[in-house]
Amino acid sequence: MIKFLISTFLFFLLVTFECGFIHSLPSPFFYAPLVFVCGVYLYQHLNSLVGAWWIFGLGVWLDFWHLGLVPFETIIYAITALLMIFLGQRFFSNRSLYGIAGNATLSLLFIHFVHLIYFFVVSFNDSLPFLWFSFLGLVFWQIFFQLFLITILFFLARKIRSVLKGLLIVPNHEGL
Amino acid sequence: MVEKPFSWAGTEINSVWKKWFPKTSAILDCSTSGSEVLAALAIDRSEFENLKIENENLRQQLDFFKRESFKYVSADIISRSVSTTEAAFVIDRGSDDGLYQGLAVIVADGHLIGKITSVSTKTSIVQPILGRGAKTAVSLLGVSRTLGISEGSGGSLLSLRFIPQDEVVAINNLVVTSGLEKTIPSGLVVGVITGVQKDPAAPFQTATIEPLVDIGQNNNVSVIIVDFGL
């Protein structure tokens, strides 16, 4: 119960920080996907399922506030969380920076791929042009800032692990 | 509201950033003046300029409401979507403050920036006029008062559609709300015409509108409440 409350509090803090502060920053800084990166990092590097719940929670948050680029973000983020778990268990090492970066990048690309399909389908009933430059810019900068944030988190891993162990979010045993 | 200080801090940084790295004007070369005192003075000056702009913005909003005798509610932006031009932002006023769906959200001297799409008791969700598919009934300010519909495409420009071929649309014409939407008063500034696309085979011509304000640099907005006399 305590673990649930603490991880929920941390999630709300991070998502509020992202939607309030980061999204108010000038371009391209507002693209930084803080909650998503923290979710992947928590799951992949620190073996905590809380990370997957955070990614799912981000989708619920975006739908609740209508802040997503497309409707049904909850479903997209839920599938992404499952994909991240699958990739983390089957393909990527939880020890290397490249493994975490690879999992995060593929999971993020999946979200953008679904968004792209949605825009493609919608554009059939729509005379508006699809802004490829804007969309590709969003994808590029999100991946760039994601890699940047993951690198920072990776090098602060020891400190983060000890803090999160204290908060009961990370299991005490090492490795999967 | 927990989000307010975060949003305020982000918007301030955004304003400072855009002042330091303006899009169109030349950037001053400060590379030779490397002293810390100059840097500190520059930051002070930037903060001062920011406060001045915020003050000016609020004054303009107040003057606008005095002039137009609209009922309005001031609000702060507390949350934004991943892009400033797509999707939505959240303000800290809701149905408890008399807001309802469809109301116009403005900044500065009556510049329309969005419409309320959803309301809860304490907060409201606003779709920017630049958001993909956001439609607004507008007219051109000038002799003809041409009517049309502006539509956001998710970028930084709007399209003005359904202008009859025989209407004269010129670059730099001011575009304002037409008043055909019952929740949005007429005369709110939407932007200026920056391009006209005329296809003789098509029944209508299309124009491009550039908004005159940047949502990213505004943290305070006002919502115009239309009184139906009920």
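Modeller: A nonpolar core is a set of buried Ala, Val, Leu, Ile, Met, Phe, Trp, Tyr and Cys residues joined through C-beta atoms within 7 Å. A residue is buried if 20 or more other C-beta atoms, placed from the backbone, lie within 10 Å of its own. This is a predicted model, in which local features need pLDDT of at least 70 and side-chain atom pairs count only at pLDDT 80 or more, while totals for chains, interfaces and linings use all residues. Residues are numbered from 1 along each chain as its sequence is written, with chains lettered from A and ligands numbered from 1 in the order in which they are written.

Colleague: Which residues touch the most other members of the largest nonpolar core?

Modeller: They are A:L58 and B:I106, in a core of 69 residues. Helix 2 of chain A (residues 34-44; a helix is a DSSP run of H or I, at least four residues) gives the most to this core, namely 8 residues.

Colleague: Why is this core said to lie between domain 1 and domain 2 of chain B?

Modeller: Domain bounds come from an automatic or database domain assignment. Domain 1 (3-22 + 32-129 + 216-225) and domain 2 (135-210) of chain B both give residues to the core, so it lies between them.

Colleague: What is A:L58 in contact with, leaving aside its neighbours within four places in sequence?

Modeller: Contact requires C-beta atoms, placed from the backbone, within 7 Å. A:L58 is in contact with A:V15, A:V35, A:F36 and A:Y77, those neighbours left aside.

Colleague: How many of the residues in chain B are buried?

Modeller: Buried residues make up 40% of its 230 residues.

Notes. A residue is buried if 20 or more other C-beta atoms lie within 10 Å of its own, exposed if 12 or fewer, and partly exposed in between; C-beta atoms are placed from the backbone. Helices (H or I, at least four residues) and strands (E, at least two) are DSSP runs, numbered from the N terminus. Two residues are in contact if their C-beta atoms, placed from the backbone, lie within 7 Å.
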